[in-house]
Amino acid sequence: MTAHAFPTGTILGYPRIGRRRELKRAVEAFWAGTIDADELEARAAALRAATRERLADLGLDRATSAIPESFSFYDQVLDAAITVGAVPPRFAGLRDAGGGVDLAGYFTIARGVGDSAPLEMTKWFDSNYHYLVPEIGPDTVFTLHADRILAEFAEAKAQGFLTRPVVVGPVTFLLLAKPADDAPAGFGPLDRLGDLVPVYGQLLDRLAAAGAEWVQLDEPALVSESIDEPRDRVLESAATAYDALGAADARPSIFVAAPYGALDDALPVLAATPVEAIGLDLVRGTLAAQLDPVTEESLAAKTLVAGVIDGHNVWRGDLAAAFARVEAVQHLSGAVAVSTSTSLLHVPHDVDAETSLDARLGSWLAFADQKVAQVATLARGLGEGRETIETALDEASAALADRTSAPGVRVPAVRDRVTALADRDFARAVYDERVAAQQSLDLPELPTTTIGSFPQTGDIRRARARLVKGELDADGYRQLMRAEIERVVRLQEEIGLDVLVHGEPERNDMVQYFAELLDGFSVTEHGWVQSYGSRCTRPSILWGDVSRPAPMTVEWSSYAQSLTEKPVKGMLTGPVTILAWSFVRDDQPLGDTARQVALALRDEIADLERAGIRVIQVDEPALRELLPLKLAEQPAYLDWSVGAFRLATGGAASATQVHTHLCYSEFGVVIDAIKNLDADVTSIEAARSRMEVVDDIAASGFAHGIGPGVYDIHSPRVPSAVEVQALLERAVAEIPASRLWVNPDCGLKTRGYDETVASLEHILEAARAVRAEL
Ligand code: GLN
Ligand code: ZN
């Protein structure tokens, strides 16, 4: 093969949802049946075309593979699974004559149908993006279905672009997969590497034939030590895969990207393979000070793609320091390129779209488009000399200095309160004493509850939109929300739930709602990022010291409680989750910021208690998400994150039942941390993994209340009472009934009312049946 030059500036990937969430709208319209597959394809193609033009306008080269082809209709891991033919047997009927699946089939695998559960979904490294988990067994037949990748490449070419296809690499693909249900014990997807790599080889062959000069294979699993596979085996697999792929004659040049951290011991391994370019995340990781001579020699012959622009947060940052990091790599190789540290998938499109944002704050920010421009600037500096970009570097430095000294960034009263904290502020009375005090709640065995939100109906959204536009005044809005709360309370009473919720109708989002009421945050108008599939979130920006000017939830919760004799749960979002789902200031340790947020929540809990609320849930679905991928960094993280939760809840009276909720079930390394949260009741996801988690819970010695979810709220599917009963019976077999709670996997806000009511009725039916068996 001929070696191709790598572009001096590139990005690892770009948001695919569209500047105005066009893809979300199109995909959801297709699901609703209002547009057909051809129309969806046409809209997606238009979006891809617009993205390429935009990236070129922002300074990425059209003709040298600088522009990544990183589009996906739903998820890049699902795309890879489809590309290599890894369709689980329960979806075999979706295959067409050629063994591929069409768009409708693709979405069916993502979302499930009838009794066929969708692929499991879980968090992508330490981000808030969720991918679909491939299922690989000993008999999975890998066959190439490259039509889509080739078509997008050809589409770009016809538009005048030579783009760089981006595919999840084979090692990461298998490491993120789970063994198929019927796989024998001891089998791991990585066992199939030898069968998978040839299919990637064929893909490279086809891409070369189509004229691709570079392909990007994403291998973030190589930076993560939190993968359940011995490190040696991971490294060996990388060597095997890339030696094999590199050996082919007909292939594009291979760029292995390794976002989300330092490659560490994987760098020498990749260096020893024939791949032409290696991407380094130099925001999260640094290069080892000392590389062995063999590695140094190998690297000298490769392109090093320096990921110095942070793809994971929104700060404009220190551009001069970023440029210095690029220069620092130059002693290793003559061929150095500038890039983002990760795909820009994690940041919104464009700061300039934020016309209502404070201009001063805006000047401290860089979203995807600004980051692409930063890459282009640094690439120019690299090519033409630092002096050609001096002005841009100085402007960024001035913005950074302005940010440091701006009002609100450091507030003495907030800082003094954090400094004065003592150990006792982090602890409640012992658990047994609390259990005794909470008897007054008078709950049945296997108490039933929900996770907090009820469906956010069109009416609710419209009311909020009208409030924002000024068409509805605050009082009118309040009346509508109260009516909704009353409806939801009555509904829960009818269904027969034991601990009620107010339904969270007033919350546009579980973090943004609080961000709007706390000092130190700002919110954006168009700052959407993809969370999974067509779901997007709009993270708030935490830029200053955090404090609570007034109670945030008391009015709604106490109104709901006034309507019923049953306990109503107060609902708060925990400090770690508020941080994880916001864009957080990067000028102080996260733990310091977390304590400020925790104190605001602590005051809220005291106010809720005063208003007669006896059960309070503090959601921490993001606890595991922020867990560092490097083992050495985990203890310090768990220390501050658990501490922040305990600080938030540490003032609650013994009689107040504190719940927490986590959206996932892989307890793994965080099980001790979850115990240390010291919540009275913890609800978790379990339905999608069919209660697998109860074994781990039982084995872990977890001794407080636990509610493994019995209804997968990520899918429109209504579980039957029989199915829920089977899940509950499985749970009761492992966990004492006295500690078991019955609840869905997560909040119901994304569901419709019909499926919600039917599902909750089935849950109650199942709970009653299992209670009768006790
Ligand atoms: N209380 C929130 C809800 O029900 C929790 C959501 C979550 O965990 N992501 O919507
Ligand atoms: Zn959840």
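The legends below describe close-up views of a predicted model. In this model, local features need pLDDT of at least 70 and side-chain atom pairs count only at pLDDT 80 or more, while totals for chains, interfaces and linings use all residues. Residues are numbered from 1 along each chain as its sequence is written, and chains are lettered from A and ligands numbered from 1 in the order in which they are written.

**View 1. The surroundings of ligand 1.** Ligand 1 is surrounded by 13 residues (C-beta atom, placed from the backbone, within 6 Å), of which the closest are Ile451, Gly452, Ser453, Pro621 and Gly747.

**View 2. The packing of helix H7 on helix H8.** Helices H7 (residues 193–210) and H8 (residues 231–247) pack at an angle of about 35°, with their axes 9 Å apart (axes are lines fitted to C-alpha atoms over the stretch in contact, and angles run from 0 to 180 degrees between N-to-C directions; helices are DSSP runs of at least four residues and strands of at least two, numbered from the N terminus). Leu193, Val197, Tyr200, Gly201 and Leu204 in H7 meet Ser237, Thr240, Ala241, Ala244 and Leu245 in H8 (C-beta atoms, placed from the backbone, within 7 Å).

**View 3. The hairpin of strands E13 and E14.** Strand E13 (residues 529–532) pairs with strand E14 (residues 535–537) in the antiparallel sense over three bridges (pairing requires at least two DSSP bridges), and tyrosine 532 stands opposite arginine 535 in E14. Two residues lie between E13 and E14, and glycine 533 in the turn has a positive phi of about 50°.

**View 4. The open sheet E12-E15-E17.** Three strands form this sheet in mixed pairing. Strands E12 (519–522) and E17 (583–584) stand at the edges, each with a single partner strand, so one side of each is left without a neighbour in the sheet.

Definitions and conventions. Two residues are in contact if their C-beta atoms, placed from the backbone, lie within 7 Å.
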